[in-house]
Amino acid sequence: MLNQTPLWKYILVIFVIGICTLYASPNLYGEDHAVQISAGRNAVVDAQLVERVKNELTQSNIDSKSVVLEGDQILVRVKDADTQLIARETLEKNLGENYFVAMNLAPDTPSWLSALGGEPLKLGLDLRGGVHFLMEVDMKSALDKTLKDSDNDFRTALREEDIRYRTVKQLEDGLEIYFRDQDTLEKAETFLKDRNRDFIFTERADLVLFATMSEQKLLETRDYAVKQNITIIRNRVNQLGVAEPTVQKQGPDRIVVQLPGIQDTAKAKEILNATATLEYREVDIEHDISDAVAGRVPPGSELLPDENGIPQLLKKNIIVEGNHIIDATSGVDQNGMPKVSIKLDSKGGAKMLAFTKRAVGKPMAVVFIEYKATGDRDEAGKLIFEAKRTVISVARINGVFGNQFETTGLDSPKEAQNLALLLRAGALIAPIQIIEERTVGPSLGKENIKLGKEAIAAGFIMVLVFMLIYYKKFGFVANIALALNLVMMIGIMSMIPGATLTLPGMAGIVLTVGMAVDANVLIFERIREEIADGRSPQQAIHFGYDSAFSTILDANITTFIAGLILFAVGTGPIKGFSITLMIGIATSMFTAIIVTRTIVNAWWGGKRLTKLSI
């Protein structure tokens, strides 16, 4: 018999709609105004801090809905925006500079729903409010760092091959390697060319071999500098507890950073400026540090202060840099003393293994490097950065190790936690400077949400009324499908990790509301044509759906391809629009064809009909 739906299709439709409805439901519970507290470099978030925060709020007569420790941060929920502002100012003042206090919105999702992974839609900066930065990577420093790494690699490789050289000198555009005779130079050139395919080697006068990066190597270095900095900035922001940040590439050397919920640009800059470089260096124990302090610093070494300002004498050669660190966790050793367990990538592990083979029993230092803008600019108008180096840890090497080892000799568990945070978050490949900043207030975000909801509601109601009047009962079926389409769109966007609803995304939803009924209009018009040609109602339904399918599929595929292109080549707002457009096309195909066919078959299928309400 025509127009009968098998049981499995009913189960499929109910299951898909049920899952989407479940994950769309967190958006019904709304959000609480909240204050988020996370630790700076010299602080720790624990149960004692929770009690301190509660006491501070009580003494200031600030009512809070809850104060809970969530992971590495404390979340204080309050009743309204005014209380939120007062709470932030109070806690910021009383907790001091070692803690980051930021305003945020916390989902009020029930715990059972959160346990299933249900979370409300993530809102973009234009809807939630926050700060936006456009940052530029200092490519000169990135190229200098690559040359510096190559300098160390060349020296080590030549020594291991027993090829004697006089010295290696780093220039702005390459490296000069000086030799004592022509035979050794030629031998070194052959050896280095074979090992370093991405360098171009040329002989210069006075027994000098000049090495410069190829064009391909230059492009790869610049691209890697931006991508690695994006990863590290995202890690740092996540470590410091900023909710739902956006960190993405824009152009060849720029990075966009958006921090929803943050209103204090000075505090946001402080978070971003916490990024720095880490180095493992050998401590110079061969020379007297008092002579170095007196001004007689031995060649190949330098004096650097520790966190207390006490000078430490270190070798200039770098063992491993922070960009080779994969993971770092704090804990205690077999003696109950604090430690940090560190894991390096393969390249860093090989370097560490080669060093520790000859340095067992010797001390090794961790150097923390911050890049500070001097205020001066170069000829291209870009800020000039100055590196500030501080020794944050010195530990003795107790045995040979490679990509996994422990740093001990720390004063306290707090110091171990802070060091692990720095190491885990990574090291910038090159300094960055903020070239543009702007703040979006939460009130503007609320206004955008209000206007977006009104636009969606207006479009939705007008389409509902039109379909109901023009197609009668079949229009009612289409309206059910349209409502389910909206629910499915919201549910799917809530399920996708990293998906963010922006103002252009809301425009995509409005557009999808209008487009979603196109398929039903095509189907219903074909049914009308089949009835006009003399077919029975059941035949008209069957042929109407079948014959309209290919037309609907072609139209939606071409629109979906356009959405893919927008997503591939567009930036933030364009991507937001394209995501909602593509999701809307997929859900509208499902609801307009499968869901409406299932409802129509359940309503009219298998019955003897003389006419249809269409």
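# Briefing: salt bridges and surface patches

The side chains of Lys315 and Glu286 meet in a salt bridge, with 3.8 Å from N to O. This pair links distant parts of the chain, for the two residues are 29 residues apart. The model described here is a predicted one. The points below take up the chain as a whole, then its salt bridges, then its surface patches.

**The chain as a whole**

- The chain consists of 614 residues, of which 47% count as buried.
- Its secondary structure comprises 17 helices and 22 strands.
- Contacts between residues at least 6 apart in sequence join residues at least 24 apart in 72% of cases.
- The accessible surface of the chain amounts to about 29,900 Å². Carbon and sulfur atoms account for 54% of that surface.

**The salt bridge between Lys315 and Glu286**

- A search of the whole structure finds 23 salt bridges, and the pair Lys315 and Glu286 forms a salt bridge with an N to O distance of 3.8 Å.
- Lys315 lies in strand β15, which covers residues 311-321. Glu286 lies in the loop between β13 (277-283) and α10 (289-293).
- Is Lys315 buried or exposed? Lys315 is buried, because its relative accessible area is 18% and the limit for a buried residue is under 20%.
- Glu286, by contrast, has a relative accessible area of 56% and is therefore exposed, as the limit for an exposed residue is over 50%.

**Salt bridges within helices**

- In helix α2 (residues 47-59), Glu51 and Lys54 are three residues apart, so about one helical turn separates them.
- Glu51 and Lys54 form a salt bridge in which the closest N and O atoms are 3.9 Å apart.
- Both partners are partly exposed: Glu51 has a relative accessibility of 43%, and Lys54 has a relative accessible area of 34%.
- In helix α15 (residues 518-532), Arg526 and Glu529 are likewise three residues apart, and about one helical turn therefore lies between them.
- The closest N and O atoms in the salt bridge of Arg526 with Glu529 are 3.3 Å apart.
- Arg526 is partly exposed at a relative accessible area of 28%. Glu529 is also partly exposed, with a relative accessibility of 42%.

**A salt-bridge network**

- Which residues form the negative surface patch? The patch is formed by Asp181, Asp183, Glu186 and Glu203.
- Glu203 belongs to strand β9, which spans residues 199-204.
- With 43% relative accessibility, Glu203 counts as partly exposed.

**A nonpolar patch on the surface**

- Leu28, Tyr29, Trp112 and Leu116 form a nonpolar patch on the surface. Together these residues have about 480 Å² of accessible area.
- Where does Trp112 lie? Trp112 is placed in helix α4, which runs over residues 111-115.
- Trp112 counts as partly exposed because its relative accessibility is 48%.

Note on methods: Residues numbered from 1 in each chain as written. Predicted model: local features only at pLDDT ≥ 70, side-chain atom pairs only at ≥ 80, totals over all residues. Heavy atoms only, no water. Patch = residues over 30% accessible without salt bridge, like charges linked within 9 Å, V, L, I, M, F, W, Y side chains within 5 Å. Areas by Shrake-Rupley, 256 points an atom, 1.4 Å probe, with all protein chains shown as cover. Salt bridge = Lys/Arg side-chain N within 4 Å of Asp/Glu carboxyl O. Lys, Arg positive; Asp, Glu negative; His and termini not counted. Charge placed at Lys NZ, Arg CZ, Asp CG, Glu CD. Helix = DSSP H or I, 4+ residues; strand = E, 2+ residues; numbered from the N terminus. Buried < 20%, exposed > 50% of the residue type's maximum accessible area, 1.4 Å probe, protein only. Contact = heavy atoms within 4.5 Å.
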